[in-house]
Amino acid sequence: MGAFLAARGFPQPAQIGWILVAMLGARSAAMAFNRLVDVPFDAKNPRTANRALPRKQLTRGFVIAFIVASSALFVFAASQLNRLSLELSPLALGIVFLYSYTKRFTWLTHLFLGISLACARSGPGLLYAVQLNQPPDSGIGVVLWVAGFDVIYACQDVEFDKRESLNSIPKRFGITAALWISALLHLAMLIILGFLFWREGLRTISFLGLILVGLLLAYEHSLVRPTDLSRANTAFFTINGWISVLLCATTMIDLLWNGLK
């Protein structure tokens, strides 16, 4: 979506390819690093005890090698975009790795996760020479969206977090308040993206997509209750997967459709 907005249409296929490779490398490195540093906690948490590292289905050496290889892939892909993307790639890796430690010292860990994912939207913007002083609406939207659904996910581990002295919004404010905070974060996300679409001159298709995203978010929040978190995984994984695809697709179609007129 960031690439299409920056290009005001369809970016060069090669650049889209390198953006996807960079995403693959960074996400793989971040996920593996998170699993590696969380092994002591994952082994104690009934919800995560069946993961590969706690069960010794993978060795630490293998995971470290995988992190190094994935990080190298990300840096190489960044080098194929432009020089500035290459120079910023270590900073991006540092941010996504830092996230794995944030729950040890701050309940704002969900916002750090959002910032980690928001780093992704900078590459396409730099690639197409978008002015860096342009209001970072889509980046803020990503932070709010990710933080909102991560709060829902974290509600499952409140009691464990209390025992292990880990931090989260649900632990700090309670599950009921946390679900309200999550809803407010998602409402703010919709407002920010609405402003972005208006400022970028997008039209009906994009706003229709945003309305559908709002309905999906409302459904997501309807799935979880303070006394019933059994469908939290559906809210976290499935619905947000659809939201990301829908938002990207409608924005892309809008830009291409208006570009053909």
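User: Does Thr250 count as buried or exposed, and at what relative accessibility?

Analyst: This is a predicted model, and the answer is read from its coordinates. Thr250 is placed in helix α13. Buried means under 20% relative accessible area. Thr250 falls under that cut-off and therefore counts as buried, at a relative accessibility of 11%.

User: Which residues does Thr250 contact, leaving aside its neighbours within four places in sequence?

Analyst: Thr250 belongs to helix α13, and its neighbours within four places in sequence are set aside here. The contacts that remain are Ile205, Ser206 and Gly209.

User: Where is Asp254 placed, and what is its relative accessible area?

Analyst: Asp254 is in helix α13, which covers residues 232-260. The cut-off for buried is under 20%. Asp254 is therefore buried, with a relative accessible area of 1%.

User: What is the relative accessible area of Glu220, and in which helix does Glu220 lie?

Analyst: With a relative accessible area of 0%, Glu220 is below the 20% limit and so is buried. Its place is in the helix of residues 204-222, namely α12.

User: Which residues does Glu220 touch beyond four places in sequence?

Analyst: Glu220 is a residue of helix α12. Residues up to four places away are not counted in this list. Glu220 touches Phe149, Ile152, His186, Ala235, Ile239, Asn240 and Ile243.

User: How many Å lie between the C-alpha atoms of Glu220 and Val63?

Analyst: Along the sequence, Glu220 and Val63 are 157 residues apart. In space, C-alpha to C-alpha, their separation is 33 Å.

User: Is Tyr153 buried or exposed, and which residues does it contact?

Analyst: Tyr153 lies in helix α8, residues 137-154. Its relative accessibility of 14% is under the 20% cut-off, so Tyr153 counts as buried. Leaving aside neighbours within four places in sequence, Tyr153 is in contact with Arg47, Arg51, Asn233, Phe236 and Phe237.

User: What is the relative accessible area of Ile64, and how many Å is it from Ile175?

Analyst: Ile64 lies in helix α4. Ile64 and Ile175 are 111 residues apart in sequence, and from C-alpha to C-alpha the distance is 35 Å.

User: In which loop does Ser165 lie, and what is its phi?

Analyst: Ser165 is found between α9 (158-164) and α10 (169-173). Although Ser165 is not a glycine, its phi is positive, about 60°.

User: How many disulfides are there, and is Cys155 buried or exposed?

Analyst: A disulfide requires a pair of cysteine sulfur atoms within 2.5 Å, and by this rule the count is zero. Cys248 is partly exposed, with a relative accessible area of 27%. Cys155, at 2%, counts as buried.

User: What does the secondary structure of the protein come to?

Analyst: Read along the sequence, the pattern is α-α-α-α-α-α-α-α-α-α-α-α-α. The secondary structure comes to 13 helices and zero strands.

User: Why does the radius of gyration agree with a compact globule?

Analyst: The C-alpha atoms fill a box of roughly 60 × 40 × 30 Å along the principal axes. Of the 261 residues, 44% count as buried. A compact globule of 261 residues would have a radius of gyration near 18 Å, and the value for the protein agrees because it is 19 Å.

Conventions: Residues are numbered from 1 along each chain as its sequence is written. This is a predicted model: local features need pLDDT of at least 70, side-chain atom pairs count only at pLDDT 80 or more; totals for chains, interfaces and linings use all residues. Side-chain values use heavy atoms; hydrogens and water are left out. Helices (H or I, at least four residues) and strands (E, at least two) are DSSP runs, numbered from the N terminus. The radius of gyration is taken over C-alpha atoms; the globule rule is 2.2 Å times the number of residues to the power 0.38. Buried means under 20% relative accessible area, exposed over 50%, partly exposed in between (1.4 Å probe, protein chains only). Contact means heavy atoms within 4.5 Å.
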